[in-house]
2 protein chains.
Amino acid sequence: MSDVAGKPCILCCAITGSLPRKANNPAVPITVSEQVESSHAAVEAGASIIHAHVRNDDESPSSDPEKFARLKEGLEKHCPGVIVQFSTGGRSGAGKERGGMLPLRPDMASLSVGSNNFPTRVYENPPDLVDWLAGEMRTYEIVPEVEAFDLSHILQAIRLHGEGKLFGPLYVQFVMGVKNAMPADKTVFDFYVETMRTRAAEAQWCAAGIGATQITVNEWAIAAGGHTRA
Amino acid sequence: MSDVAGKPCILCCAITGSLPRKANNPAVPITVSEQVESSHAAVEAGASIIHAHVRNDDESPSSDPEKFARLKEGLEKHCPGVIVQFSTGGRSGAGKERGGMLPLRPDMASLSVGSNNFPTRVYENPPDLVDWLAGEMRTYEIVPEVEAFDLSHILQAIRLHGEGKLFGPLYVQFVMGVKNAMPADKTVFDFYVETMRTRAAEAQWCAAGIGATQITVNEWAIAAGGHTRA
Ligand SMILES: [Zn+2]
Ligand SMILES: [Zn+2]
Ligand SMILES: [Zn+2]
Ligand SMILES: [Zn+2]
């Protein structure tokens, strides 16, 4: 595609994620101050978006708005200008608890618009919760990053954006490589890109490969003119 | 496609479904004897597969194995040779209750291999339940009809079949037109067909459009050389 060359690529760094612990990788930042320093290093290495989860002191996933507030404060101080994106993913809590930090007005927040299987359970995003989270993001003027774990989630994102339910420009992330959801598959990736190009040409998209698929999906995304998460 | 002409098309009739009631359509068969007569008419009109749900006396969805047993008996008597397919869908019960009729050894049973949103809730098919239902179908030698509500479900079906987890030949149904899942979209339909053709050439596929999309999806399926459900 001739329009890829020269187009800036946005790098998003998921500093902590929801699952890995110090036992898996001693470098995983767990405390807010570790997260701020890790973000600082990511920004110096070229990241423009920090995708953030917070953790309890025992390293388990948290959705504590107070921790998110301290993280945002630290990021604004140490990484001025960085785009702060909070996760509203389902590993840190259930139902509206997942959006309890949105009144802090991060620049962006992740938003799942459908449900799918995860390795050992259902990732539940019932329609009324999706509506509520999208509504909170409109209220607090937060741009959603739609996490698309399957093809219908991309179509749903385009539909919701067309109906005015998603604040700001449409930004969709293809998530690939989660067991029991969409694998990291190049033919599917190409169809995802084509779906965005033909149905939402003004939108931006990025792609994330989970686990061992990360670098592969990064390369596909960059080559196709998208953005990517590491 | 030159291989479409002359290829037989299998018609499946979902006589009752899980939702419509007499108030919606007085012709919906609710009692077992109504279901047997409705199946008889469908078979005379050309149906080869009867896709069956059973109902309680108040018309609500049921998963009562005793009702399924009486239905199977009636179908074997009135519609000899018809392929009996029981639904293990999630509207009639939760968890293993959904497969309680599988020891009756119907020819086929529906099997969902992933989760997705429905109009007002999550259609939950957790991985351990999928494994258990597939295992019961192997035990009782029942051919699954995989209900694919999204693209990853098709890939998951191909993977499970390749691992020997699905009894018999692979049979996948594309379900389109359910609100908050995959819409009835021709570009997506074509990609589904191409996915089956390139990754599971020996398999059969069919397609079902829900509600107002039924006839449209029937026409797409027949024209593309697949099977279809009405
Ligand atoms: Zn995340
Ligand atoms: Zn610093
Ligand atoms: Zn059914
Ligand atoms: Zn009869």
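Reader: Which strands does helix α5 of chain B lie across?

Author: Helix α5 (residues 186-199) of chain B lies across β10 (171-176) and β11 (204-209) of that chain, and runs at about 170 degrees to β10(B). Helices (H or I, at least four residues) and strands (E, at least two) are DSSP runs, numbered from the N terminus. The angle is taken between axes, which are lines fitted to C-alpha atoms, for helices over the stretch in contact; angles run from 0 to 180 degrees between N-to-C directions. Contact means heavy atoms within 4.5 Å.

Reader: What should I know about the model and the numbering?

Author: This is a predicted model, where local features need pLDDT of at least 70 and side-chain atom pairs count only at pLDDT 80 or more, while totals for chains, interfaces and linings use all residues. Residues are numbered from 1 along each chain as its sequence is written, chains are lettered from A and ligands numbered from 1 in the order in which they are written, and side-chain values use heavy atoms, with hydrogens and water left out.

Reader: Back to β10(B). How many of its residues are buried?

Author: Six of the six, so β10(B) is largely enclosed by the rest of the structure. Buried means under 20% relative accessible area, exposed over 50%, and partly exposed in between (1.4 Å probe, protein chains only).

Reader: Which residues sit on which side?

Author: B:Y171, B:Q173 and B:V175 are on one side of β10(B), and B:V172, B:F174 and B:M176 are on the other. In a regular strand the side chains alternate between the two faces of the sheet.

Reader: What does strand β9 of chain B pair with?

Author: Strand β9 (residues 143-148) of chain B pairs with β10(B) in the parallel sense, over three bridges. Two strands count as paired if DSSP finds at least two bridges between them. B:E147 has B:Q173 in β10(B) as its bridge partner.

Reader: And what do the strands of chain B build?

Author: A closed barrel of eight strands, in the order β1-β2-β5-β6-β9-β10-β11-β12, with parallel pairing. On average, neighbouring strands of this sheet are turned by 25 degrees against each other, direction ignored. Strand β1 (residues 11-14) and strand β12 (residues 227-229) of chain B pair in the parallel sense over two bridges, and B:C12 has B:R229 in β12(B) as its bridge partner.

Reader: What about chain A?

Author: Chain A also has a closed barrel of eight strands, β1-β2-β5-β6-β9-β10-β11-β12, with parallel pairing. Strand β2 (residues 49-52) of chain A runs parallel to strand β5 (residues 83-86) of chain A and is joined to β5 by four bridges. There A:H51 stands opposite A:Q85. Six bridges pair β10(A) with β11(A) in the parallel sense, and A:M176 has A:G209 in β11(A) as its bridge partner. Five of the six residues of β11(A) are buried.

Reader: How many residues does the largest nonpolar core have?

Author: The largest nonpolar core has 110 residues, and those with the most contacts inside it are A:F174, A:F189, B:F174 and B:F189. Such a core is a set of buried Ala, Val, Leu, Ile, Met, Phe, Trp, Tyr and Cys residues joined through side-chain atoms within 4.5 Å. Not counting residues up to four places away in sequence, A:F189 touches A:F174, A:M176, A:W205, A:A207, A:W220, A:A221 and A:A224.

Reader: Change of topic. How is chain B laid on chain A?

Author: By a turn of 180 degrees and a shift of 0.0 Å along the axis, with an RMSD of 0.0 Å. The two copies are thus related as by a two-fold rotation axis. Copies are superposed by least squares on the C-alpha atoms of residues with pLDDT of at least 70 in both. Of the residues of chain B, B:N116 comes closest to the rotation axis, at 2.6 Å (C-alpha).

Reader: How much area do the two chains bury between them?

Author: About 2200 Å², 57% of it on carbon and sulfur atoms. In chain B, B:N117, B:P127 and B:F191 lose the most area to chain A, together 22% of what that side buries. Buried area is the accessible area (1.4 Å probe) that two parts lose on being put together, summed over both. As for contacts, 30 residues of chain B touch 30 residues of chain A.

Reader: Is A:N180 buried or exposed?

Author: A:N180 is buried, with a relative accessible area of 12%. A:N180 is found in the loop between β10 and α5 of chain A. Leaving aside neighbours within four places in sequence, A:N180 is in contact with A:N117, A:F118, A:P119, B:P127, B:Q156 and B:R159.
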